[in-house]
Amino acid sequence: MLLVLSVVARLAWTYLVPTGANFVDLHVYIGGAEALNRPGTLYSYVYADQTPDFPLPFTYPPFAAVLFYPLTLLPFGLVALLWTLGVMGALYGVVRLSQRLLGITGGTRTAMLWTAVGIWTEPMRSTFDYGQVNVLLVLAVLFAVYSTRWWVSGLLLGLAAGIKLTPAIGGLYFVGVRRWGAAVFSAVVFAGTIALSLLVVGDQARYYFTDLLGDADRVGPIGTSFNQSWRGGISRILGYDAEYNSLVVAAIAVTAVLAWLAWRAVQTAPGEQDRLGLVLVVQMFGLLLSPISWTHHWVWLIPLMIWLIQGPYRYLREARVIGWGWLVLVLVGVPWLLGFAQPSIWDISRPWPLAWAGLIYIVAAVATLAWIAALRIRCPGARRSSRYRAP
């Protein structure tokens, strides 16, 4: 009943509240796909109907436009409704896969509860508002981790990276656990998406992978509070785009060390390999490393909360405190609240309390990595209770 009420309430918010959802990113997906009908216009296309202060260009790999092209054959209203329902289903799939990676048998009712609550977390709110694709990509990466077939894992990760480059960080997981077949095949599949794009899109595909790749300014305003990466957080404090200056590089270097120590702590703990914990370490590092990590990229926080509250270290008070702390944080949505205090999405300079408050996800993620890294000292030799039957 809670899940049904949550779904109905979200649909009501989307369609009955004037500011409920604008589906701007979904417009970009479909508009970019429609641009394939006009050769040479894919990366000159912009959607500005609802965003006059920042016309939204198509910023994704050309394979995404090819993949989304069939959606252009349907009315946008129908696509938006099906997309919203599909994202809800994908969120439930993310929860169930997270549970399965933890060895939880049963747990359907708990998964419904996680989904009902997860719909109202900030990463999911922005996902629904904009019509974003990230939940589907998280589902693909988690299934790649869950599958023991190298070709399935490689296929899913390669396709996900072909749609949006950010899932490619998942390749570090397969390298770290020495699943060489999956790692190599994911690279082959990703190369295949590029080859298909060159065949279908032609010069625009070459333009993306030569001129546009790495151009963060084209993706969006670096300094907005919705960008929860090290580059975004430090830029807000400095009052200008820090790019990858010494401060940003130093912060990323410290995070890399913490992520490596956290990986070692999870990998070397006694008991069955904690696949969910390992991929979460990789993904948190990726979120902080990326030049832009919008709040809807942080969907990975839902598997993280499940890992903390229901996972192998659930018997530790700190795990539960961190897990419930994250839940409160994403339900409140501090970056969203800070968005009301910025007169323009392009305005980086702001009063110092707001600038420092804009580090909220970044600091919380670094603290989480540090806690995971300390597990090696906190409970040396303690066997994880990773396999259990849910009541």
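# Report on a predicted helical model

Over residues 323–342 the chain is 80% helix and 0% strand, with end C-alpha atoms 29 Å apart. The structure described here is a predicted model. The stretch 323–342 is one of the spans that an unreviewed UniProt entry labels "transmembrane region"; the entry also places this feature at residues 67–95, 130–148, 154–175, 182–202, 244–263, 275–292 and 354–377. For residues 130–148, the model gives 74% helix and 0% strand, and the end C-alpha atoms of that span lie 34 Å apart.

| Helix pair | Angle between axes | Axis separation |
|---|---|---|
| α4 (residues 76–101) and α5 (residues 108–118) | about 130° | 9 Å |
| α14 (residues 246–267) and α15 (residues 275–289) | roughly 175° | within 9 Å |

The helices α4 and α5 are oblique to each other, and their crossing is right-handed. On the α4 side, the contact is formed by M88, L91, Y92, V95, R96 and Q99, while α5 contributes T108, T110, A111, M112, W114, T115 and G118. By class, the residues of this contact comprise 7 nonpolar, 5 polar and 1 charged.

The axes of α14 and α15 cross at roughly 175°. An angle over 145 degrees counts as roughly antiparallel, and α14 and α15 are therefore described as roughly antiparallel to each other. Their contact draws on I252, T255, A256, A259, A262, W263, V266 and Q267 from α14, together with G277, L278, V281, V282, F285, L288 and L289 from α15. The residues of this contact are divided into 12 nonpolar and 3 polar, with no charged residues.

## Helix α2 and residue V24

Helix α2 spans residues 24–34 and includes V24. This helix is mostly covered, as 9 of its 11 residues are buried. The buried residues are V24, D25, L26, V28, Y29, I30, G31, G32 and A33. Which elements cover them? The cover includes the strands β1 (46–47) and β2 (56–57), as well as the helices α3 (62–68), α4 and α6 (122–130).

V24 has a relative accessible area of 5% and is therefore buried, since the term applies to values under 20%. Apart from neighbours within four places in sequence, V24 is in contact with Y47, Q50, T51, L56, D129 and Y130. The C-alpha atoms of V24 and G311 are separated by 36 Å, and the two residues are 287 residues apart along the chain.

## Two loop residues with positive phi

R178 is found in the loop between α9 (171–176) and α10 (180–200). Its phi is near 60°, a positive value in a residue other than glycine. Is R178 buried or exposed? With a relative accessible area of 60%, R178 is exposed.

E243 lies in the loop between α13 (230–238) and α14. The phi of E243 is near 50°, which is likewise a positive value in a residue other than glycine. At 47% relative accessibility, E243 counts as partly exposed.

Definitions and conventions: Residues numbered from 1 in each chain as written. Predicted model: local features only at pLDDT ≥ 70, side-chain atom pairs only at ≥ 80, totals over all residues. Heavy atoms only, no water. UniProt positions renumbered as here; feature names shortened; annotations may be inferred. Helix = DSSP H or I, 4+ residues; strand = E, 2+ residues; numbered from the N terminus. Axes fitted to C-alpha atoms, helices over the stretch in contact; angles between N-to-C directions. Parallel < 35°, antiparallel > 145°, perpendicular 65-115°, else oblique. Left-handed = near helix turned anticlockwise from the far one by under 90°. Contact = heavy atoms within 4.5 Å. Nonpolar A, V, L, I, M, F, W, Y, C, P; charged D, E, K, R; others polar. Buried < 20%, exposed > 50% of the residue type's maximum accessible area, 1.4 Å probe, protein only.
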